[in-house]
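Colleague: Let's go over this one label by label. I'll ask what backs each one, and you hold the value up against the cut-off.

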Amino acid sequence: RRRKAGVSEEELVVLEAKLRAQVEESVRSRVMQEEEEAKERLRREKEQIEAEKERLQKEAKEVLEARARIAEETAAQQLRLAEQRSKLAEEREREAKEREEAAARRERELEER
């Protein structure tokens, strides 16, 4: 068949070598392309992970800040309540003293009569 096509043994060897080289180059090119695509996917995944990490860190910071605000507000409320109780106790003490003084006055007035 080779002779009918007019191709010598040397030409056939050269053609086979060229074909093999083309196939190898095609395979190398495809492998390199797949490697580049894999690198790009990995880079995108890393970016997504980093963005998620930053989002979570921001969220954690906001939670901590909210907890701190709540603790401050609670402490301030407790302080106000303690002050109110103290004022109320002082007022009750003053009223009791006034009642005692009034009772003592009435007792003196009764004795004087």
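Colleague: What makes E40, R43, R44 and E47 a network?

Modeller: Those residues are linked by salt bridges. The term needs a side-chain nitrogen of Lys or Arg within 4 Å of a carboxyl oxygen of Asp or Glu. Keep in mind that this is a predicted model, where local features need pLDDT of at least 70, side-chain atom pairs count only at pLDDT 80 or more, and totals for chains, interfaces and linings use all residues. Also, residues are numbered from 1 along each chain as its sequence is written, and side-chain values use heavy atoms, with hydrogens and water left out.

Colleague: Why is the contact of E40 with R43 called a salt bridge?

Modeller: The closest N and O atoms of E40 and R43 are 2.3 Å apart, and the limit is 4 Å, so the pair qualifies. E47 also meets R43, again at 2.3 Å from N to O. As for the general idea, side chains of opposite charge can pair when their charged atoms come close.

Colleague: Is R43 buried, exposed or partly exposed, and what makes it so?

Modeller: Partly exposed, because its relative accessible area is 36%. Buried means under 20%, exposed means over 50%, and partly exposed is what lies in between, with a 1.4 Å probe and protein chains only. E40 at 30% counts as partly exposed, and so does E47 at 46%.

Colleague: What about R30 and E34, what makes them a salt bridge?

Modeller: Their side chains meet at 3.2 Å, N to O, so they fall within the 4 Å limit. R30 and E34 both lie in helix α2, four residues apart, or about one turn. R30 is partly exposed at 41%, and E34 is partly exposed at 38%.

Colleague: How many salt bridges does the rule give?

Modeller: The count comes to nine.

Colleague: Which residues make up the negative surface patch?

Modeller: E107, E109, E111 and E112. Patch members need over 30% relative accessible area and no salt bridge; like charges are joined within 9 Å, and nonpolar side chains (Val, Leu, Ile, Met, Phe, Trp, Tyr) within 5 Å. Glu counts as negative along with Asp, Lys and Arg count as positive, and His and the chain ends are not counted. A charge is placed at NZ of Lys, CZ of Arg, CG of Asp or CD of Glu. E112 lies in helix α2, residues 9–112, and E112 counts as exposed because its relative accessibility is 67%.

Colleague: And which residues form the nonpolar patch?

Modeller: L19, V23, V27 and V31, with about 330 Å² of accessible area together. Areas come from the Shrake-Rupley method with a 1.4 Å probe, and for residues only the protein chains shown count as cover. L19 is found in helix α2, and L19 counts as exposed because it reaches 51%.

Colleague: How do you know whether the chain is spread out or a compact globule?

Modeller: Start with the secondary structure, which is two helices and zero strands. The radius of gyration is 48 Å, well over the 13 Å that the globule rule gives for 113 residues, so the chain is more spread out than a compact globule. That radius is taken over C-alpha atoms, and the rule is 2.2 Å times the number of residues to the power 0.38. Along its principal axes the C-alpha trace spans about 160 × 15 × 10 Å. Buried residues make up 1% of the 113.

Colleague: What is the charge count for the chain?

Modeller: There are 30 positive and 33 negative side chains, and the centres of the two sets lie 6 Å apart.
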